[in-house]
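Biologist: I have this one open on my screen and would like to talk it through with you. Can you put it up so that we look at it together?

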Amino acid sequence: MTFPRLHLHSERYSVNGNLSADGFRKLLGTPTLDLLQTVVRESVQNSCDAADEGHVPKVVFRLRTLSQSQSDALDSALTAFPGPEASRAAIQDFVTTEKKWVLEICDFGTGGLGGPTRADQLPGPGESTDFVDFMRNVGTRRDTYQGGGSYGYGKTSLYLSSACSTILVDSQTTNKGGDARRFMGCHLGSAFSAHSDSGEPIKYTGRHWWGSPGDNEDYVDPVEGSEAEVIAERLGFLQRGPEDRGTSIMILDPLFMRFEDTNPRVTAGLIAETLLWFFWPRLLKTQYSAPSLNLAVEFEGEEVSLPRPEDYPPLNLFARAMRKIKNNEEDSQQVYSPRYKQVLGDLAIHKGPRAERTPIVPEHKSIIPKQCAHIAVMRPVELVVRYFEGDPFSNADAEWAGVFVAGNDDEVEEAFASAEPPSHDDWLPNMLPKGKHQSYVNIALRKIKETAKQVAHPSHAVSEHESDKEPLGRIAKAMGTFLSGAATSPPPQASGSKKKGKVIPSNSHVQWASFEKLESGGNGRVIALFSADVPHINGGAIVGTATHFLVVEGRPLPKEDENLGRHPVSILSWKSSDGHFYGEGHEVELDANASDVQIRVEIPKDMAVRLKIEFGEKEQD
């Protein structure tokens with residue numbers, strides 16, 4: 001089949017008026033994030049909102065250049081543009097560029113852009129209006145439970161990120177109970193005036209569509225069926241069958257590829273980092289649930305690695321804080337409104353030694369903090385709205401991370417959703433009318449900000465006087481000091497390690513366990529509770545080996561210290577957070593699916609302890 005011809009329609013002002021393209025551009029407001037981050041966030045959030053029930057949506061970002069044949073096909077579709085000089089010049093500049101960069105954003109497991117293709121048509125029973133809401137209407141409220149809000153505002157970022165303000169859209173969807181394939185292009189220019197063939201002046205809004213000619217010249221429909229498939233194939237879109245429902249959006253000439261210091265491969269890495277930084281909650285795997293989002297990044301056809309959040313510092317700390325909330329652990333807390341007797345959400349903090357970063361991009365380009373001291377806030381849909389930065393530990397070898405998840409109550413959810421600007425990157429209580437909902441958001445923000453400032457400066461539960469008298473108080477203060485500013489450089493030698501089995505060194509993972517709290521073991525015994533995340537290791541059973549280090553005044557005690565024998569350390573139990581007992585002692589065998597472990601250790605009455613954990617695949621006999 002020859003390449004189908006695309007017809008251009010430029011929107012005229014109607015008698016009742018229209019929103020100009022210039023006004024459309026301003027709908028996004030002023031996001032707190034840069035353009036690339038905004039595009040990534042908005043695109044994935046839209047895909048999550050559009051997910052088919054029972055399906056985990058997959059979103060693929062493809063940063064690539066068009067091949068010569070793809071470029072030729074695009075040139076034939078876009079050259080005949082009769083709009084104003086600025087729009088014509090921008091598109092022509094892209095068409096004549098030798099190396100044409102595009103950013104293609106594809107989702108699968110979603111409903112695609114279904115329903116009627118014209119805004120004046122009513123959908124059938126159970127049909128969506130996604131096509132007209134995305135391609136034609138502006139600001140229609142999206143009817144998605146706990147969704148992103150008004151459908152359409154975020155799509156402005158797609159046009160803003162194109163140097164020629166142009167996107168091409170390919171969608172596999174349904175309409176009137178049957179499969180439908182649709183293709184359409186759209187350009188967002190500026191309002192202008194022109195003369196008709198008869199010399200009559202005509203005012204245009206600046207919005208333009210490429211598609212199939214309709215019954216008259218007032219609009220174009222999307223190209224459908226086999227013709228739409230041919231166009232998508234010729235332009236190099238990811239292939240789809242009728243069962244691969246979803247939408248692909250191609251941003252022509254991405255603006256962030258034109259910056260003077262742009263390195264295309266680094267840009268692909270920044271997309272990967274943005275996905276991890278804002279969507280890690282959906283990527284977590286637990287013993288009870290699989291990830292609720294599948295993400296991928298490609299650069300010129302090659303996949304960019306996306307590590308698991310649990311294995312990628314400092315997201316591992318956020319993952320642990322989230323687990324505290326999910327498991328309703330003792331040190332997670334509810335944020336509460338006494339006046340309205342309403343739970344507003346849950347807040348948890350997790351502290352740990354600062355782990356070495358595994359950079360996806362050069363350090364000076366990375367959005368991942370070098371020393372984490374942040375609280376991620378989100379609604380129950382678990383998409384990070386923003387991070388509140390607090391005070392870091394004075395010791396650069398330690399860091400902390402926190403999570404706040406707003407309550408699932410419909411009234412609370414509505415308050416926080418309504419407090420989000422069109423870019424969904426903040427909670428702004430002043431957007432709400434004075435009253436209950438504004439109070440909900442204000443109380444939560446106040447607690448989040450207070451906590452962010454206090455984590456690195458804890459007020460110890462044990463008073464100074466009590467800590468001088470009670471051994472448990474002294475040790476609690478020492479353990480707290482260890483993570484809040486004392487020296488934490490790894491000691492050169494270990495004490496008390498008892499290895500019973502063999503671990504394959506090439507497949508081992510070493511980490512410092514996180515100190516959680518102290519308990520009284522009776523008869524003057526002191527019990528310290530530590531936790532660690534079990535890394536993903538391909539294979540069978542996992543062996544966990546613990547090595548302890550005695551700490552005095554924040555510094556490790558050398559092994560050769562003659563008093564070592566007077567300070568016994570016993571590992572009493574290894575358990576999962578849901579209570580499954582794995583064993584005792586310095587080495588145990590864990591389940592292949594284990595995701596976390598809590599370790600109870602009897603420690604000396606007058607010293608603090610560090611615990612290093614090595615995880616590895618059990619060697620086969």
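Biologist: How many helices and strands does the protein have?

Modeller: A word first: this is a predicted model, where local features need pLDDT of at least 70, side-chain atom pairs count only at pLDDT 80 or more, and totals for chains, interfaces and linings use all residues. Residues are numbered from 1 along each chain as its sequence is written, and side-chain values use heavy atoms, with hydrogens and water left out. Helices (H or I, at least four residues) and strands (E, at least two) are DSSP runs, numbered from the N terminus. On that basis the protein has 13 helices and 29 strands.

Biologist: What percentage of the residues count as buried?

Modeller: Buried means under 20% relative accessible area, exposed over 50%, and partly exposed in between, using a 1.4 Å probe and protein chains only. Of the 621 residues, the buried share is 54%.

Biologist: At what angle do the axes of α10 and α11 cross?

Modeller: Axes here are lines fitted to C-alpha atoms, for helices over the stretch in contact, and angles run from 0 to 180 degrees between N-to-C directions. Angles under 35 degrees count as roughly parallel, over 145 as roughly antiparallel, 65 to 115 as roughly perpendicular and the rest as oblique. Helices α10 and α11 are therefore roughly perpendicular to each other. Their axes come within 9 Å, and the crossing angle is roughly 75°.

Biologist: Which residues of α11 does α10 meet?

Modeller: Contact means heavy atoms within 4.5 Å. From α10, the residues involved are Glu411, Val412, Glu414, Ala415 and Phe416, and in α11 they meet Lys436, His437, Tyr440, Val441 and Ala444.

Biologist: How far apart are the closest N and O atoms of Arg207 and Glu11?

Modeller: A salt bridge is a side-chain nitrogen of Lys or Arg within 4 Å of a carboxyl oxygen of Asp or Glu. Arg207 sits in strand β9 and Glu11 in strand β1, 196 residues apart, and both are buried. For their salt bridge, the distance is 3.7 Å.

Biologist: Which side chain does Asp221 meet in a salt bridge?

Modeller: Asp221 lies in strand β10 and its partner in the loop between α5 and β4, so the pair ties together parts that are 85 residues apart in sequence. Both partners are buried. At 3.9 Å, N to O, the partner is Arg136.

Biologist: Are Glu363 and Lys370 buried or exposed?

Modeller: These two form a salt bridge, with the closest N and O atoms 3.3 Å apart. Glu363 and Lys370 are both exposed.
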